[in-house]
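This report describes the fold and side-chain packing of the structure shown below. The sections proceed from the sheet to the helices and then to the aromatic side chains.

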Amino acid sequence: MTYRRWFVMGVAVAMVGALVAGFSLFFGNFSARGFVEDRYARAASRDIGRDALAYTSNRPPSQVAKEVTDAWRPADQYVDGSGVYLRYDNDSVVILPIAAGSVILLERMRTAYPRYHSTVGGGWGWGGTSGSTVRGGGPGSGK
């Protein structure tokens, strides 16, 4: 009798797991990258090589940034007259103005950090060129 109870519980847990997995496949991506890919129009002609994939919106950068950050809170954010720069764990979302709205660039941090370092400065990490968040230095520096 105990084996049967465990078997029924195991099947129930497996079914719940399958339902959750199915739901996530059909009802959205769970990252800022997925949000941009699902919500905005792909614009391959505006890609930066193979590193930064471009999407467009007819809304201004500030509104696009609000939509993205409301859905996915960035680890860091930098805003200036040139655009909005959002840093996530492994990705960046850079929103720049164009004549008819915004271009949204998705790029991995390993290539985005060197590209935008002159704009965002140390806002996307300490030292190096990779956007590392590892802090160095002497006593009291937060090691």
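## Basis of the description

Two strands are taken to pair if DSSP finds at least two bridges between them. Helices (H or I, at least four residues) and strands (E, at least two) are DSSP runs, numbered from the N terminus.

This is a predicted model, in which local features need pLDDT of at least 70 and side-chain atom pairs count only at pLDDT 80 or more, while totals for chains, interfaces and linings use all residues. Residues are numbered from 1 along each chain as its sequence is written, and side-chain values use heavy atoms, with hydrogens and water left out.

## The sheet and its edges

The sheet is open and contains six strands in the order β1-β2-β6-β5-β4-β3, with antiparallel pairing. The edge positions are held by β1 (41-42) and β3 (76-80); each has a single partner strand, so one side of each is left without a neighbour in the sheet.

Leaving aside neighbours within four places in sequence, Ala41 is in contact (heavy atoms within 4.5 Å) with Ala54, Tyr55 and Thr56. The C-alpha atoms of Ala41 and Tyr55 are separated by 5.2 Å, although the two residues are 14 residues apart along the chain. Further into the sheet, β2 and β6 are joined in the antiparallel sense over six bridges, and Leu53 stands opposite Leu106 in β6.

Strand β4 (residues 83-87) pairs with strand β5 (residues 91-98) in the antiparallel sense over four bridges. Leu86 has Val93 in β5 as its bridge partner, and Arg87 stands opposite Ser92 in β5.

Helix α3 (residues 61-71) lies across β2 (52-57), β3, β4, β5 and β6 (101-108), and runs at about 155° to β5. Helix α4 (residues 109-120) also packs on the sheet, where it touches β3, β4, β5 and β6, and its direction makes about 125° with that of β6. Axes here are lines fitted to C-alpha atoms, for helices over the stretch in contact, and angles run from 0 to 180 degrees between N-to-C directions.

Which residues of α3 are buried? They are Pro61, Val64, Ala65, Glu67 and Val68. These residues cover an arc of only 160° around the axis, which puts them on the same side of α3; the arc is that of the directions from the helix axis to the C-beta atoms. An α-helix has 3.6 residues a turn, so residues three or four places apart point the same way. The buried residues of α3 pack against α2 (32-39), β2, β4, β5 and β6, whereas Ser62, Lys66 and Asp70 are exposed on the other side of α3.

## Aromatic side chains

A search of the whole structure finds three aromatic pairs. Rings of Phe, Tyr and Trp (its six-membered ring) pair if their centres lie within 6.5 Å, and planes under 30 degrees apart count as stacked, over 60 as edge-to-face and the rest as tilted. Phe35 and Tyr40 form an edge-to-face pair, 6.4 Å centre to centre with 75° between the planes. Phe35 counts as buried at 16% relative accessibility, and Tyr40 counts as buried at 7%. Ring pairs also link Tyr78, Tyr85 and Tyr116 into a cluster.

Arg42 lies over the face of Tyr55, at 5.4 Å from the ring centre. A charge sits over a ring if NZ of Lys or CZ of Arg is within 6 Å of the ring centre and within 35 degrees of the ring normal.

Notes. Buried means under 20% relative accessible area, exposed over 50%, partly exposed in between (1.4 Å probe, protein chains only).
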